Amino acid sequence: MTRPITFALSKGRLSELALERLRCAGVECGSPSKRTRKLFFEDEEGLCKFFLAKASDVPTYVEHGAADLGIAGKDTILEGQKSVCEVLDLDFGHCRMVVAGLPGALNREGALRVASKYPHIARDYFFNKRKRTAEIIKLHGSVELAPIVGLADVIVDIVETGATLKANGLVILDEVAELSARLIVNRVSMKTERERVADIIRRLRACPH
Ligand code: PRP
């Protein structure tokens with residue numbers, strides 16, 4: 001009997017859009033009820049399983065083969081630096097990774113203090129791209145507070161509508177990366193499940209978005 005293909009999906013913002021796209025591609029994974037705390041689901045024929053993980057953990061599940069495929073934001077892929085194959089831009093969940101702060105904050109001399117939920121991305125941007133010394137301060141949320149209360153000069157964070165920056169008097173100072181949801185595949189499954197993975201990629205690519 002063929003073993004089921006397992007998908008890891010991000011809980012939260014991307015999950016509904018990811019499920020919609022999978023259904024459109026004919027990957028029927030049932031409908032997880034919002035009322036339960038259940039995280040793992042499978043279709044009736046046993047062809048496909050999927051689970052909802054914390055967004056930043058999706059590449060980890062895929063890297064270790066607990067999931068064959070995953071749908072994750074490009075931000076978590078860049079930050080996680082996991083060994084997975086990124087095979088398709090799913091063209092939803094668009095947003096940008098930016099440097100933001102009070103106007104002119106990048107003009108200050110010397111080492112910058114940079115607060116971010118994405119320390120790898122922030123380090124790569126300042127050290128490698130800008131060749132600038134920076135102290136990277138890891139935060140877990142509400143990063144926009146950091147420049148206001150004097151924890152950091154700038155932040156590296158996601159901007160979607162721009163409402164949070166605007167409400168806190170911050171502006172975009174530079175763009176780091178364009179982000180969207182991506183399909184990632186475990187390196188072993190890429191070989192052992194080549195046909196099925198290729199078919200899923202084809203069908204997801206063909207879906208209107
Ligand atoms: C994200 C991000 C920004 C905000 C951007 O935070 O880190 O703070 O959304 O969205 P906007 O441009 O539409 O205002 P999230 O809501 O995930 O909360 P968190 O800061 O607590 O992680």
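# The ligand and its pocket

The space taken by the ligand is the largest pocket; a molecule sits in a pocket if more than half of its atoms lie within 2 Å of the pocket's grid points. This is a predicted model, in which local features need pLDDT of at least 70 and side-chain atom pairs count only at pLDDT 80 or more, while totals for chains, interfaces and linings use all residues. Residues are numbered from 1 along each chain as its sequence is written, and side-chain values use heavy atoms, with hydrogens and water left out.

**The largest pocket**

- On a 1 Å grid over the protein atoms alone, a pocket is an open set of points where a 1.4 Å probe fits, with protein on both sides within 12 Å along at least five of seven lines, and lining residues have an atom within 4 Å of a point.
- The largest pocket holds about 1,100 Å³ of space, a volume being the space filled by probe spheres set on the points.
- Its lining comprises 40 residues, of which A55, D75, K117, Y118 and I158 lie nearest the centre.
- Two or more lining residues come from each of α1 (13-24), α3 (74-80), β9 and α6, where helices (H or I, at least four residues) and strands (E, at least two) are DSSP runs numbered from the N terminus.
- The element α3 gives the most to this lining, with 5 residues.

**The shell around the ligand**

- Of the 13 residues around the ligand (a heavy atom within 4 Å), R13, K117, E144, T161 and T164 come nearest.
- Both β9 (154-159) and α6 (163-167) supply at least two residues of the shell, and β9 has the largest share, 3 residues.
- By class, the shell has 3 nonpolar, 5 polar and 5 charged residues; Asp, Glu, Lys and Arg count as charged, Ala, Val, Leu, Ile, Met, Phe, Trp, Tyr, Cys and Pro as nonpolar, and the others, Gly among them, as polar.

**Contacts and cover**

- A side-chain N or O atom of T164 is 2.4 Å from a ligand oxygen atom.
- The protein covers 72% of the 500 Å² of accessible area that the ligand has on its own, as found by the Shrake-Rupley method with a 1.4 Å probe.

Technical notes
A polar contact is a pair of N or O atoms within 3.5 Å; within protein, one must be able to donate a hydrogen and the other to accept it, and residues adjacent in sequence count only if both atoms are side-chain atoms.
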